[in-house]
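Thank you all for coming. I would like to walk you through one structure today, and I will ask you to keep the picture in view while I talk.

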Amino acid sequence: MSSFTKMGITIGGVHSYDDLGLYLADRSVTQPERKTNFVSIPYMDGYYDFGSTLGAYYGSRTLTYSFDIMADDEVEVEALRQTIYDWAKTAVESPIYDDADPDYYFIGSFTSESYTANGDLPEFGGQVTLTFTAQPYRYARSAAIVITKQPEDYIGAVGDSVSLTVEAEGEDLSYQWQLSDDGGTTWTSSTATSASTNTYTTTLTEARSGRMLRCVITDTSGNSVTSNTVTIMIG
């Protein structure tokens, strides 16, 4: 296996290590090639590059990231691969944030996934490689999102109307509340109408007692932060 690192990439507000637990093994970002239009003109030595007249234009970049994964059996390996694939394919002309380039981000689309099994260790696992095709330019990241008010735990009675609020500073912020019913092991995005606002509302029921919630806040550049995790429960 390669040397483990917690650095990685963020797509759609989901970070490869922080949210998926993936260790980045290798990364490669190609430089875009300048497009040319060489034309041979009669009675002229050599050629003429019409690209120099129209301005400089560039082709795409290729972004490649390899992640080491380990599992208890082949079934778990395939499940991990599917989770990684489902996450990566959300990149369709989307911001891709690379921790190795903290001041800039790319805009690109998912191209392919491949897997190489590792035969050196007794554990099942190997390396998943994701490839993206990105625009030639790097885009400057906007100012960091700052959470100014965190949501708070709620303890109440069955039937209570619960409101959880987060406040933040940033450019054109969007909100997505997530919930977990297994102690924070897995998180899913809420489909409630209020889940896309900074104030999430729900009704406290016995089934929801102990539910954990958090809010992912994203700006127009794709930068994101996650609020503190809170719990709602019957007191």
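Let me begin with what packs over one helix: the buried residues of helix 2 are covered by elements that include strand 1 (9-11), strand 2 (14-15), strand 8 (61-71), strand 10 (104-117) and strand 11 (124-134). Please bear in mind throughout that this is a predicted model.

Which residues of helix 2 are buried? They are Val77, Ile84, Trp87 and Ala88, and because they cover an arc of only 95° around the axis, they lie on the same side of helix 2. As a general point, an α-helix has 3.6 residues a turn, so residues three or four places apart point the same way. The length of helix 2 also agrees with expectation, because its 15 residues, at 1.5 Å a residue, should span 21 Å, and its end C-alpha atoms are 21 Å apart.

Finally, the second largest pocket holds about 340 Å³, and among its 16 lining residues the closest to the centre are Thr10, His15, Asn223, Ser224 and Val225. Strand 21 (residues 224-226) gives the most to this lining, with 3 residues, while the lining as a whole divides into 4 nonpolar, 8 polar and 4 charged residues.

Technical notes: Residues are numbered from 1 along each chain as its sequence is written. This is a predicted model: local features need pLDDT of at least 70, side-chain atom pairs count only at pLDDT 80 or more; totals for chains, interfaces and linings use all residues. Side-chain values use heavy atoms; hydrogens and water are left out. On a 1 Å grid over the protein atoms alone, a cavity is a set of points where a 1.4 Å probe fits but cannot get out, and a pocket is an open set with protein on both sides within 12 Å along at least five of seven lines; lining residues have an atom within 4 Å of a point. Grid points are joined across faces, edges and corners, and a volume is the space filled by probe spheres set on the points. Helices (H or I, at least four residues) and strands (E, at least two) are DSSP runs, numbered from the N terminus. Ala, Val, Leu, Ile, Met, Phe, Trp, Tyr, Cys and Pro count as nonpolar, Asp, Glu, Lys and Arg as charged, and the others, Gly among them, as polar. The expected span of a helix is 1.5 Å times one less than its number of residues. Buried means under 20% relative accessible area, exposed over 50%, partly exposed in between (1.4 Å probe, protein chains only). The arc is that of the directions from the helix axis to the C-beta atoms. Contact means heavy atoms within 4.5 Å.
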